[in-house]
Amino acid sequence: MSTPAELNTLTARWYDENPGLEDDRLRLHRMEFEVTLRTILASLAPGRTDLKILDIGGGTGPYAFALAARGHAVTLVDISPGLLSLAHARAASTPPAERPTRILEGDATALSSVLPRAERGTFDAVLLLGPLYHLTAPELRERAVREAWGMVRPAAAGGQGGAGAAGRTGGGGGGTLFCAWVSRWAHYRDVATREPARLARKRAFYAKHAEDGEYIRHDERGRAYHAMHHELPSEMPLVLKRVTGEDDVRMVGAEGLLAGGLDRLVNDLQGEEFEAWVEKCLEVGSDAHGWMLSDHIVGIVSKNASAL
């Protein structure tokens with residue numbers, strides 16, 4: 001049986017071998033991308049175009065390039081050389097002012113190996129939008145959150161954090177961390193869509209999955225090659241509060257009403273027709289209870305002066 005660290009390495013290798021699948025994923029799920037990006041942008045100080053942003057586990061860089069195009073200095077970090085090769089290729093065809101300032105290979109659980117110590121606590125916004133999908137050990141997931149939180153800029157003495165206008169990232173408060181998870185219940189919706197009889201055939205597997213959220217894929221010889229962790233929605237804000245020490249945590253569901261693959265039904269809409277669904281999914285995904293409906297869920301926490 002592979003250890004959690006070995007599973008992380010195997011998953012990175014799988015992405016090396018299949019970089020196009022991840023590169024295409026958010027094109028096939030535009031709602032997840034739009035809601036997540038707008039959630040990030042809404043947390044940034046209005047009018048600022050020079051924020052320092054770290055995108056950890058950002059893959060081929062969909063968010064990194066979108067933020068760089070808005071004038072921010074973005075560092076993209078990912079564990080997969082295969083995914084980063086596509087990011088480098090995209091950067092080569094993108095104007096310098098619209099691409100990440102740095103594209104680095106590194107592990108979300110060991111950022112000190114890729115970023116110098118002097119950069120800790122200097123980023124206005126830190127994105128951790130992929131690594132928690134794949135780290136199967138709780139201690140590794142919390143380490144990734146802790147590493148990301150350590151990169152977030154603290155509030156100045158006397159400043160205020162939080163998600164209000166004065167506390168937006170780049171305003172009077174500290175920086176902001178954005179963490180994403182895959183909901184444990186998302187997998188069951190996928191099974192119901194693709195192979196509904198599987199739940200009855202794999203009762204023992206799903207009894208375990210309900211307890212730990214592990215979903216490990218094996219090849220025909222029984223060797224693990226890809227690992228996922230599906231988190232309980234109720235646990236997500238608790239993890240952020242426990243690791244960061246902050247109580248003001250906000251959750252946003254990326255698909256809103258359109259979880260379970262329903263987002264594909266609106267993926268080809270354009271203009272106002274698509275915009276109407278983005279607005280509705282943002283409304284539901286930002287609701288105090290509605291965020292739990294989604295497959296992909298983002299937690300947002302800002303560094304208050306108390307974190308100094």
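Author: In helix H3, the residues Met31, Glu32, Phe33, Val35, Thr36, Leu37, Thr39, Ile40 and Ser43 are buried, where buried means under 20% relative accessible area, exposed over 50%, and partly exposed in between (1.4 Å probe, protein chains only). The model is predicted, so local features need pLDDT of at least 70 and side-chain atom pairs count only at pLDDT 80 or more, while totals for chains, interfaces and linings use all residues. Residues are numbered from 1 along each chain as its sequence is written, and side-chain values use heavy atoms, with hydrogens and water left out.

Helices (H or I, at least four residues) and strands (E, at least two) are DSSP runs, numbered from the N terminus. H3 covers residues 30-43, which is 14 residues, and its first and last C-alpha atoms are 20 Å apart, close to the 20 Å expected at 1.5 Å a residue; the expected span is 1.5 Å times one less than the number of residues.

The packing of two other helices may be considered next. Helix H2 (residues 19-28) packs against helix H5 (residues 81-92) at an angle of about 60 degrees, with the axes 8 Å apart. Axes are lines fitted to C-alpha atoms, for helices over the stretch in contact, and angles run from 0 to 180 degrees between N-to-C directions. H2 and H5 are therefore oblique to each other, given that angles under 35 degrees count as roughly parallel, over 145 as roughly antiparallel, 65 to 115 as roughly perpendicular and the rest as oblique. Pro19, Gly20, Glu22 and Asp23 of H2 make the contact with Gly82, Leu83 and Leu86 of H5, contact meaning heavy atoms within 4.5 Å.

Thr60 lies in the loop between strand S1 (52-56) and helix H4 (62-68). With a relative accessible area of 6%, Thr60 is buried. Beyond its neighbours within four places in sequence, Thr60 is in contact with Asp23, Phe65, Leu76, Leu83, Leu86 and Ala87. The side chains of Thr60 and Asp23 form a polar contact (2.8 Å), that is, a pair of N or O atoms within 3.5 Å; within protein, one must be able to donate a hydrogen and the other to accept it, and residues adjacent in sequence count only if both atoms are side-chain atoms.

In strand S9 (residues 296-302), Ser302 is buried at 7% relative accessibility. Its side chain makes a polar contact with the side chain of Thr176 (2.8 Å).
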